[in-house]
Amino acid sequence: MKKIYLLSSFLMLLIYGINAQTFVNTGAENKNVILEEYTGIYCTYCPDGHKVAQDLHDANPSDVVLINIHTGGYANPDPGDPDFTTQWGASLATLSSLTGYPAGSINRRTFSSFASNGGSAMSRGDWAAASSTIMGESSCVNVAAQSSIDLSTRELVVNVEAYYTASSSANTNKLNVAILQNNVEGPQTGGSSFNPGQVLSNGNYNHMHMLRHLLTGQYGEDIDTTTSGTFISRTYTYTIPADLNSIAYDLFN
């Protein structure tokens, strides 16, 4: 059975729901881009990938979401350096069939003309063209989210809405909610050479839209009714821990 992934992200963006006061748009729209970039603190050219991705977002701020996934040999920390990896990184990288870093997957689609190894992973020079293709396509479903955090209990509540403006080509789609974190200070090889705007006054690098957790798991949750006019409303609750791998979750970032 073919499955389509519907990706979004939180602490930057989340996925959203429709009840008495719906907030998802019910008019037809084009697709958005979810760029999952595979990176690591010892990857010399990864800061250039960060800049390419950020430029793509800045040119299309309402249509592009960036997710930086620290994984692989370049992300495994030496003693004394921070561990920005997650439980999801290695399997996501394997899913993409990447052959080097930095690499990126856009909407987890395989673009035959850009694929580096027959999978969804592409080099940074191909991200703009693949994104242009995605943003030029009509979407069968709109997805939106609203969220809140109780600062005293660290409880995150995410309300997700999806509305099908047309029938999907697949009987089952996937809904995925991710937690991202901005402004995470740490080392980065090649930062001053390839993305100096992200280098802090103390010489450290300011890491952005870093994947921290997937509330719905690696592959997301099933949406089993994908016909035109279908409305989906779901709520996710998660108590955000103090840290992951000793890297603090900053609730304001």
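A disulfide is a pair of cysteine sulfur atoms within 2.5 Å. Keep that in mind for the close-ups below, which all come from a predicted model.

**View 1. Cys43 and Cys46 are joined by a disulfide.** Here the two sulfur atoms sit 2.3 Å apart, which is inside the 2.5 Å cut-off. Searching the whole structure turns up 1 disulfide. Which hand does it have? The torsion about the S-S bond of Cys43 and Cys46 is about 85 degrees, so this disulfide is right-handed. Cys43 and Cys46 are both buried, too.

**View 2. Helix H1 covers residues 46-59.** How far apart are its end C-alpha atoms? They are 20 Å apart, and that agrees with the 20 Å that 14 residues should span at 1.5 Å a residue.

**View 3. Helix H1 has a set of buried residues.** They are Cys46, Pro47, Gly49, His50, Ala53 and Leu56. A handy thing to know while you look: an α-helix has 3.6 residues a turn, so residues three or four places apart point the same way. What do the buried residues of H1 pack against? The partners are strands E3 (33-39), E4 (64-70) and E12 (205-207), along with helices H3 (127-135) and H4 (191-194).

**View 4. Glu36 lies in strand E3.** Is Glu36 buried or exposed? Its relative accessibility is 3%, so Glu36 counts as buried, the cut-off being under 20%. Its side chain has a partner as well: a polar contact of 2.9 Å links the side chains of Glu36 and Arg108. Strand E3, where you find Glu36, is also one of the elements that the buried residues of H1 pack against.

Technical notes: Residues numbered from 1 in each chain as written. Predicted model: local features only at pLDDT ≥ 70, side-chain atom pairs only at ≥ 80, totals over all residues. Heavy atoms only, no water. Buried < 20%, exposed > 50% of the residue type's maximum accessible area, 1.4 Å probe, protein only. Helix = DSSP H or I, 4+ residues; strand = E, 2+ residues; numbered from the N terminus. Expected span 1.5 Å × (residues − 1). Contact = heavy atoms within 4.5 Å. Polar contact = N/O pair within 3.5 Å; in protein donor to acceptor, adjacent residues only side chain to side chain.
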